[in-house]
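This briefing concerns a single protein chain. It covers the fold, selected residues, a surface patch and a pocket.

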Amino acid sequence: MGTGNWLAVASAEHVRIGRASGFMQVCHGKAGPLRRIGAGDGVVYYSPANVMGG
């Protein structure tokens, strides 16, 4: 299967925490969507707010 590209939406704070800790967080903790991401896939984050709910 080929590589894919993904757009993830999360607050900038959640992106920073995940990157610093070596993981990504999206979908309010739902693992299903993250299981679709494969090795070699590209991920771009869009952060409409600095903090969740902000």
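Helices (H or I, at least four residues) and strands (E, at least two) are DSSP runs, numbered from the N terminus. The model is a predicted one, in which local features need pLDDT of at least 70 and side-chain atom pairs count only at pLDDT 80 or more, while totals for chains, interfaces and linings use all residues. Residues are numbered from 1 along each chain as its sequence is written, and side-chain values use heavy atoms, with hydrogens and water left out.

**Overall fold**

- The chain contains 2 helices and 2 strands, and from the N terminus on these elements follow the order β-α-α-β.
- Taken along the principal axes, the C-alpha atoms fill a box of roughly 40 × 20 × 20 Å.
- Of the 54 residues in the chain, 17% are buried; buried means under 20% relative accessible area, exposed over 50%, and partly exposed in between (1.4 Å probe, protein chains only).

**Residues of the strands**

- Asn5 has its place in strand S1 and is classed as exposed because its relative accessible area is 71%.
- Ala8 also belongs to strand S1, but it counts as buried because its relative accessibility is 7%.
- Val43 is part of strand S2 and counts as partly exposed, since its relative accessibility is 34%.
- Val44 is likewise found in strand S2.

**Separations between C-alpha atoms**

- Val43 and Asn5 are 38 residues apart along the chain, and their C-alpha atoms are separated by 5.9 Å.
- For Asn5 and Val44, which lie 39 residues apart along the chain, the C-alpha separation is 7.9 Å.

**Helix H1**

- Ala12 lies in helix H1, which spans residues 12-21, and it counts as buried because its relative accessibility is 14%.
- The C-alpha atoms of Ala12 and Arg36 are separated by 22 Å, and the two residues are 24 apart along the chain.

**Nonpolar surface patch**

- Leu7, Val9, Val44 and Tyr46 form a nonpolar patch on the surface, with about 420 Å² of accessible area together.
- Strand S1 (5-9) and strand S2 (42-46) are the elements that give two or more residues to this patch.
- Accessible areas come from the Shrake-Rupley method with a 1.4 Å probe.

**Largest pocket**

- The largest pocket has a volume of about 150 Å³; a pocket is an open set of points on a 1 Å grid where a 1.4 Å probe fits, with protein on both sides within 12 Å along at least five of seven lines.
- Its lining residues, which have an atom within 4 Å of a point, include Val9, His14, Cys27, His28 and Met52.
- By class, the lining has 5 nonpolar, 5 polar and no charged residues; Ala, Val, Leu, Ile, Met, Phe, Trp, Tyr, Cys and Pro count as nonpolar, Asp, Glu, Lys and Arg as charged, and the others, Gly among them, as polar.

Note on methods. Patch = residues over 30% accessible without salt bridge, like charges linked within 9 Å, V, L, I, M, F, W, Y side chains within 5 Å. Salt bridge = Lys/Arg side-chain N within 4 Å of Asp/Glu carboxyl O. Points joined across faces, edges and corners; volume = space filled by probe spheres on them.
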